[in-house]
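Here are some notes to read beside the model. Please keep the structure open and find each residue as you go.

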Amino acid sequence: MNETQAITLGSLKPAKPPLKVITQGVLAFLAAVVLITSYRFVGIDPMAFIEKRENAFTYLFGRELTDFDRKDARIQAENLLKIVAMEEAGEELRQRVARSGEAAPLGMTMHRETEALAEEILSKQPEARRAAFVDREYRQILRDKKGGFFPPETSPSALSEYGHGLVETVAMAVWGTLIAVVLAIPAAVLAATNTLALLVQGEGRRHRAFRWGCHFGVRRFLDFCRGFNEFVMALIFVAVIGLGPFAGVLALAVHTFGILGKVVSEAIEAIEPGQMEALVASGAGNMQVISFSVLPQVMPLVVSYSLLRFESNVRSATILGFCGAGGIGFLMFDKINGFEYREVATMMIMIIVSVSLLDYACGKLRSKFI
């Protein structure tokens, strides 16, 4: 074998893979392990929904009613008419006894007198009125037996009540977001390294230690504020200040403050430093540099993220009502516990429509700043 052949064979030997390729392979392997392990932990079953599709249809649209259900509903409606008459008769007897000053009849005597008076009350009512009462309760009982979310409740009284709760929910989101924005901007200035270097100038040990401590402390405080979900914060505030929308406002403000503080501080660190340097060279003070160089550069992002968080807070404020923080969520939780799913469907539709309208309005407002 001559020298030329040796060089040719040597060039055919596989080269050692570079470190970057090995690193990418290890990361890909770890990612695959994480995905496979998490897939087993959460029990993902793509066929589960298809297999349970009948349950989903029944849950959404209700079940088919049988003849027994209809007969039972008619009996319940007729019995309810008698129960209402018994309650009216009992109240009237108690008033008679109170006016006469005599001792009230006891045991079966009281019961027989109440039944007799209830029969008298029913006999005096027009047949059409009694039939209308029974038919109304019969339809309501059938609706309860059928269940399901559709068709939603559309009575004017229900829409008025839910509309008031929706307005309260939006107001919670407005004030929670506003408080968070007002507090997040100065916190972000203290959490950004470039503005800290501007506010605390000097390369001495104390200056560097102060800047590091301020940066670390504010960053960890922001981590703490957004580390808990709004629902957990609402539970804490409800326990401290009591039920009501104010607890929801504070919960939204704390969580949103943590998120906006982090986002704005990172945006401040990514601004163009040339503008700051030009203002400093011209003799501008620290607050002037922040007001006329830093904030104008990050203001479009502040507006965009603030509006985004406002939209998110409207949805979050709905859930906060489940723990007593007011709003339409409080009404929804009550209806869910009472299995009144049609009322829940009405509130869900109202929330979806309101969020869509707010998203459109926020998009128009965002276009004015970006």
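1. Start with the largest pocket, where H8 gives the most to the lining, with 4 residues. H8 and H14 each supply at least two lining residues. (Helices are DSSP runs of H or I with at least four residues, numbered from the N terminus.) A pocket here is an open set of points on a 1 Å grid over the protein atoms alone, where a 1.4 Å probe fits, with protein on both sides within 12 Å along at least five of seven lines; lining residues have an atom within 4 Å of a point.

2. A word on the source: this is a predicted model, in which local features need pLDDT of at least 70 and side-chain atom pairs count only at pLDDT 80 or more, while totals for chains, interfaces and linings use all residues. Residues are numbered from 1 along each chain as its sequence is written, and side-chain values use heavy atoms, with hydrogens and water left out.

3. Which residues line the largest pocket? They are Val-174, Thr-177, Leu-178, Val-181, Ser-306, Leu-307 and Phe-310. By type, the lining has 5 nonpolar residues, 2 polar and no charged.

4. Phe-310 also belongs to the largest nonpolar core, which has 21 residues, and is listed among those with the most contacts inside it. (A nonpolar core is a set of buried Ala, Val, Leu, Ile, Met, Phe, Trp, Tyr and Cys residues joined through side-chain atoms within 4.5 Å; buried means under 20% relative accessible area, exposed over 50%, and partly exposed in between, with a 1.4 Å probe and protein chains only.) Helices H8, H14, H15 and H16 each give two or more residues to this core, and the largest share, 9 residues, comes from H16.

5. Now look for aromatic pairs: a search of the whole structure finds 4. (Rings of Phe, Tyr and Trp, the last by its six-membered ring, pair if their centres lie within 6.5 Å; planes under 30 degrees apart count as stacked, over 60 as edge-to-face and the rest as tilted.) Why is the pair of Trp-212 and Phe-216 stacked? Their ring centres are 5.1 Å apart and their planes are at 10°, so the pair is stacked. Trp-212 is exposed, at 57% relative accessible area, and Phe-216 is partly exposed, at 39%.

6. Phe-322 and Phe-333 make a tilted pair, because their planes are at 50°, with ring centres 5.3 Å apart. Phe-322 sits in the loop between H14 and H15, and Phe-333 in helix H15.

Key
Nonpolar A, V, L, I, M, F, W, Y, C, P; charged D, E, K, R; others polar.
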